[in-house]
Amino acid sequence: MIVFQLFLSCVLRLVLFTLLYFYPFGSHFRFSRRKAVFISSTLILAASLLFTLAGAALASISEKNWCLSQLENILFLFCLVPCLLGDLTIVEALWQKKIFVCLYTVTGALSTICMSNCIDISARFTSPAVTAAAVPLFWLLLKYCYLPAEDGLSAKESGYLAVLSVSLFAILAGVFSYVSFKDLFRHPLTPLLFLLLLTTLFVIYLILFKIYYTAHEEYKQVQHQMDLYGKHYAQMQEQIENNRRLRHDLNHHMRALQGYLYQGEPDKAEEYLVHFLKNTRSCEVSKICDNPIVNMLVSHYYSLAKKNHIAFAVRIDIPKQLFIHNSDLSVLLGNLLENAMEAASHAPDNCRSICFHMSCSGNMLVIAVDNGFNGTAKLRNHQYLSTKPNHNGLGLKTLENIAKKYGGGASFTHEGTIFHSSVMLTLMEQEAYSSHNTNLNEERRMR
């Protein structure tokens, strides 16, 4: 009976912790799923048999000894560690991440051992019950705190997490080896302090995951803005190159026209001139408004829409100078128009349209974009997600952050196959705008 209890207890606990270990890696296995399950099951059964034999030997020596259950829990930890080390070979990922998750799992196992010894050191089924209750908590911590930041963690950062897990395990193991669970409840504050230590374990992981996640989100936003700056810079470079080429070729065109006229062939000269003007117009930036940033971006996407057979309606009523940082204005319009172009290009033929409206009223700037899309919208917690692969709606978050920066807001809705985006900003005062530009110029000179 004791042998069966030991075997069942060990198998249950090993399965739970093995599932906890495999969860962050999804299906990133070196082998097929069937082979991975076979290898892991073999390791679990081998470790369980070893635990059962050793536990039965301990029980035969002194079944009623108060420390027997504690010794069995220590023995389980020694069986779990090689089992997880064997599982390291199954997963294909950065070794720093694998080591961190392995240590995280072992630390969770040690904490459940401590909790079960605190609750009842004599009941053999206490540890499996505590494990079944605690593993979901560790799983939730991985799912909602670690996994959102896991993609952005470098090998070095994952190594830091592994070192942290080693430190926490060492502290917990030191306390575990020092505490006498038999005498733990003799002082009323001792159990409270021990419970506080276990709670701190969760809090430390939670805070660290949150820091990594926040830093990763900020990095992605900066990277997204840099990508937009790169696109806008490429657009400007392309326009400059086109103008340079036209100026360089202008002399040759004039000579060709002069030659046709000298030869008495005005029809060929006219045909040549029409062709030249057509090519010239394709390289021109349309004059949509007097603001250079808005004009450049809107005219660029206007020409892209024409090439992709997307109807583009524009209505802009703004002054020549907007008291908003050029970088913020560029990112704001770039995100809005890029998202609209991407969505409209995949819309049905009768919905391939973009309506862009931008106007000022007092110190308020309002931008509204209505574009067609395929009618499929992804939402999570009432937040729109990107339908592009490997994107999570970062552009919309960036728009919201810029709007909040200027005391405004952003809203996104859809109706049928029409997506509505609107952003409202409070423009800076002229004095604040001038002061900001002065500070930027001083920083550039100091560099």
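Asp 328 is buried, with a relative accessibility of 9%. This is a predicted model of a protein with 447 residues, of which 39% are buried. The protein contains 12 helices and 7 strands.

**Overall make-up**

- The accessible surface of the protein is about 25100 Å², and carbon and sulfur atoms account for 61% of that area.
- Of the contacts in the protein between residues at least 6 apart in sequence, 75% are between residues at least 24 apart.

**The salt bridge**

- The count of salt bridges comes to 1.
- The side chains of Asp 328 and Lys 405 form a salt bridge, with an N to O distance of 2.8 Å.
- Asp 328 belongs to helix H10 (residues 326-345) and Lys 405 to helix H11 (residues 394-405), so the pair links parts that lie 77 residues apart in sequence.
- Side chains of opposite charge can pair when their charged atoms come close.

**Helices H9 and H10**

- Helix H10, which holds Asp 328, also packs with helix H9 at an angle of about 15°, and the two axes are 10 Å apart.
- H9 is therefore roughly parallel to H10, because an angle under 35 degrees counts as roughly parallel.
- The crossing of H9 and H10 is right-handed.
- On the H9 side the residues in contact are Ile 293, Val 294, Leu 297, Val 298, Tyr 301, Leu 304 and Ala 305.
- On the H10 side they are Asn 326, Leu 329, Ser 330, Leu 333, Gly 334, Leu 337, Glu 338 and Met 341.

- His 309 sits in the loop between helix H9 (292-307) and strand S1 (311-317).
- The phi of His 309 is near 60°, a positive value in a residue other than glycine.
- Most residues other than glycine have a negative phi.
- His 309 has a relative accessible area of 68% and is exposed, because a value over 50% counts as exposed.

**Helices H1 and H5**

- Helix H1 (residues 2-22) packs with helix H5 (residues 126-150) at an angle of about 0°, with 10 Å between their axes.
- H1 and H5 are therefore roughly parallel to each other.
- H1 contributes Ser 9, Leu 12, Arg 13, Leu 16, Phe 17 and Leu 20 to the contact.
- H5 contributes Ser 127, Pro 128, Thr 131, Ala 132, Val 135, Phe 138, Trp 139 and Leu 142.

Conventions. Residues are numbered from 1 along each chain as its sequence is written. This is a predicted model: local features need pLDDT of at least 70, side-chain atom pairs count only at pLDDT 80 or more; totals for chains, interfaces and linings use all residues. Side-chain values use heavy atoms; hydrogens and water are left out. Helices (H or I, at least four residues) and strands (E, at least two) are DSSP runs, numbered from the N terminus. Buried means under 20% relative accessible area, exposed over 50%, partly exposed in between (1.4 Å probe, protein chains only). Contact means heavy atoms within 4.5 Å. Accessible areas come from the Shrake-Rupley method with a 1.4 Å probe; for residues, only the protein chains shown count as cover. A salt bridge is a side-chain nitrogen of Lys or Arg within 4 Å of a carboxyl oxygen of Asp or Glu. Axes are lines fitted to C-alpha atoms, for helices over the stretch in contact, and angles run from 0 to 180 degrees between N-to-C directions. Angles under 35 degrees count as roughly parallel, over 145 as roughly antiparallel, 65 to 115 as roughly perpendicular and the rest as oblique. A crossing is left-handed if the near helix is turned anticlockwise from the far one by less than a right angle, and right-handed if clockwise.
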